[in-house]
Amino acid sequence: MLEKAEELKKTALDDLQGAANPAELNEWRVKYLGRKAGALTQLLRGISQVPVEERAAFGQAANELKNLLQAAYEAREEELSRPAVEMLKTIDVTLPGRPVSLGRLHLTTQTLREMYGIFAQMGFQVEEWPEVETDYLNFELLNMPPDHPARDMWDTFYVNPRVVLRTHTSPGQIRSMRRHCPDPIRVILPGKCYRYEAVTARSEFMFYQVEGLAVGRRITLADLKGTMIDFARQMFGADRQVRFRCSYFPFTEPSVEVDMDCIICRGEGCRVCKHTGWVEICGAGMVHPQVLTNGGYDPDVYSGFAFGMGPERIAMIKHNIDDIRLFYSNDVRFLGQFG
Ligand code: DAH
């Protein structure tokens, strides 16, 4: 009988090493230590066959075996649960969580909002008009009949022979005049514009413009100049200087180009201002009498000024960005730097 106990010990311990998970471990426990049909219980049942004088020794041996198997079982149980415990030890539950990266407004949106704020203080309201526009409004009513050479200034995406993707926000001038006539107007008209031209560091096929329009009874070039100076100083700093240069647009007379002293070199001359000391911020002028008429206003009674700005250009000057393509190529390394 003692040999049987010895044999049981050996197979039980061997078997125990083979138990690789809690379920197998439990099977082992039932098989060897189970109270009703476990191998140990069965061994003890055989005590009646042991000669009386050997029973005490057998009982003691069986008892020791039981304790030994019980201890081995517990040790194995501990061993199997250890990897989970070890893993828990490597996790520092007191560490702060990883910060969630927040989205932010696109640089163009930020710039547009800044512009709205500045013009709002001067009484300009925001109006929006369609991006898909008729040739009639985009060109004709702005004083450019079908064969007018000035149409060459804008390379156009045609939807069909009469419908275009607007090449500028200026058709909104006609739309706003027709909406408000005969009331005085002070509006800015932001939105996307499209040009069928090569994409370069200086020009995109899609970009924004902010059109400005003021119409009233005694509006002069001096009002335009004051508006431009105020805008430049609020956007770029209180000591900004502004100058007008003669220019030509079919829908304004006179027409000007508005320059501001370069914020990088303050007029000294640098790469950004191409060593002129000045950077162009927009085209502008007094609304052409024909355009006022097309909008419904009598040019003998009313006058007005208009301007067209590129918010990307404003942002490029402000943040010293040298390539407009960065705005719409969705590189978050660029976009994430603003705001
Ligand atoms: N529409 C012009 C362009 O896209 C910009 C412009 C110039 C707008 C003069 C105006 C203006 O309102 O008065 O090049």
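Does S255 count as buried or exposed, and at what relative accessibility? The model is a predicted one. In it, S255 has a relative accessibility of 5% and therefore counts as buried, the cut-off for buried being under 20%. S255 sits in strand β8, which runs over residues 252-261. Its side chain makes a polar contact of 2.6 Å with the side chain of T252. When residues up to four places away in sequence are not counted, S255 touches R245, C246, S247, Y248, F249, A284 and G285.

N294 belongs to helix α9, residues 289-295. Because its relative accessibility is 16%, N294 counts as buried. Leaving aside neighbours within four places in sequence, the residues in contact with N294 are E140, L141, I174 and R178.

Helix α5 can be read as a whole element. It comprises 15 residues, 107-121. From the first C-alpha of α5 to the last is 22 Å, close to the 21 Å expected at 1.5 Å a residue. The buried residues of α5 are L107, T108, T111, L112, M115, I118 and F119. These residues lie on the same side of α5 because they cover an arc of only 130° around the axis. R113 and Q121, on the other side of α5, are exposed.

What do the buried residues of α5 pack against? Their partners include three strands, β5 (185-194), β6 (206-216) and β10 (303-309). The helices α8 (221-236), α10 (311-319) and α11 (332-335) are also packed against by the buried residues of α5. Just after α5 comes G123, with a positive phi of about 90°.

For E211, a polar side-chain atom lies 2.6 Å from a ligand oxygen atom. A306 contributes through its backbone: a polar backbone atom there is 3.1 Å from an oxygen atom of the ligand. Taken alone, the ligand exposes 350 Å², and the protein buries 93% of that.

How values were computed. Residues are numbered from 1 along each chain as its sequence is written. This is a predicted model: local features need pLDDT of at least 70, side-chain atom pairs count only at pLDDT 80 or more; totals for chains, interfaces and linings use all residues. Side-chain values use heavy atoms; hydrogens and water are left out. Helices (H or I, at least four residues) and strands (E, at least two) are DSSP runs, numbered from the N terminus. The expected span of a helix is 1.5 Å times one less than its number of residues. Buried means under 20% relative accessible area, exposed over 50%, partly exposed in between (1.4 Å probe, protein chains only). The arc is that of the directions from the helix axis to the C-beta atoms. Contact means heavy atoms within 4.5 Å. A polar contact is a pair of N or O atoms within 3.5 Å; within protein, one must be able to donate a hydrogen and the other to accept it, and residues adjacent in sequence count only if both atoms are side-chain atoms. Accessible areas come from the Shrake-Rupley method with a 1.4 Å probe; for residues, only the protein chains shown count as cover.
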